Amino acid sequence: MSWSIQQVARLSGVTSRTLRYYDEIGLLRPATVGANGYRYYEREQLLRLQRILLLRELGLGLATI
């Protein structure tokens, strides 16, 4: 099952802009990008996002993560 960037943003409480930024810096790549340019995430990416958000909450910077 895959989720769109909007669905992941709603589920995780981060903005779609944040998800695009994480993709841009190579921190969280989407599982696939559709022909229309839409990003789609799967379970693996959601688990990674969960880890990233936990580490951010613990005070680690993106460069460290």
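## Asp23 and helix H2

Asp23 lies in helix H2, where helices (H or I, at least four residues) and strands (E, at least two) are DSSP runs numbered from the N terminus. The model is a predicted one, in which local features need pLDDT of at least 70 and side-chain atom pairs count only at pLDDT 80 or more, while totals for chains, interfaces and linings use all residues. Residues are numbered from 1 along each chain as its sequence is written, and side-chain values use heavy atoms, with hydrogens and water left out.

With a relative accessible area of 10%, Asp23 is buried; buried means under 20% relative accessible area, exposed over 50%, and partly exposed in between, with a 1.4 Å probe and protein chains only. Once neighbours within four places in sequence are set aside, Asp23 is in contact with Leu28, Arg29, Pro30 and Arg39, contact being defined as heavy atoms within 4.5 Å.

Ser16 is buried, at a relative accessible area of 15%, and, not counting residues up to four places away in sequence, Ser16 touches Ile5, Gln6 and Ala9.

## Helix H3 and the segment after it

Gln45 is found in helix H3, which spans residues 43-57, and its relative accessible area of 12% places Gln45 among the buried residues. Leaving aside neighbours within four places in sequence, Gln45 contacts Leu28, Arg29, Pro30 and Ala31.

Leu53 touches Ser12 and Val14 when residues up to four places away in sequence are not counted. Between Leu53 and Ala63, which are 10 residues apart in sequence, the C-alpha to C-alpha distance is 14 Å.

Leu60 has its place in the segment after H3 and is partly exposed, with a relative accessible area of 29%. Its contacts, not counting residues up to four places away in sequence, are Leu55 and Ile65.

## The sheet

Three strands form an open sheet in the order S1-S3-S2, with antiparallel pairing. Strand S1 (3-4) and strand S2 (32-33) stand at the edges and have a single partner strand each, so one side of each is left without a neighbour in the sheet. In general, strands of a sheet pair through backbone hydrogen bonds, either parallel or antiparallel.

Strand S2 pairs with strand S3 (residues 39-41) in the antiparallel sense over 2 bridges, two strands being taken as paired if DSSP finds at least two bridges between them. Thr32 stands opposite Tyr40 in S3.

## The chain as a whole

The secondary structure of the chain amounts to 3 helices and 3 strands, which follow the pattern β-α-α-β-β-α when read along the sequence. The radius of gyration of the chain is 11 Å, close to the 11 Å that the globule rule gives for 65 residues, so the chain is as compact as a globular protein of that length; the radius is taken over C-alpha atoms, and the globule rule is 2.2 Å times the number of residues to the power 0.38. Taken along the principal axes, the C-alpha atoms fill a box of roughly 35 × 20 × 20 Å.

Buried residues make up 25% of the 65 residues in the chain. Among the contacts with a separation of 6 or more, 46% are accounted for by residues 24 or more positions apart. The chain exposes about 4600 Å², of which carbon and sulfur atoms supply 50%; accessible areas come from the Shrake-Rupley method with a 1.4 Å probe, and for residues only the protein chains shown count as cover.

The chain has 9 positive and 5 negative charges, whose mean positions are 3 Å apart. Lys and Arg count as positive and Asp and Glu as negative, whereas His and the chain ends are not counted, and the place of a charge is taken as NZ of Lys, CZ of Arg, CG of Asp or CD of Glu.
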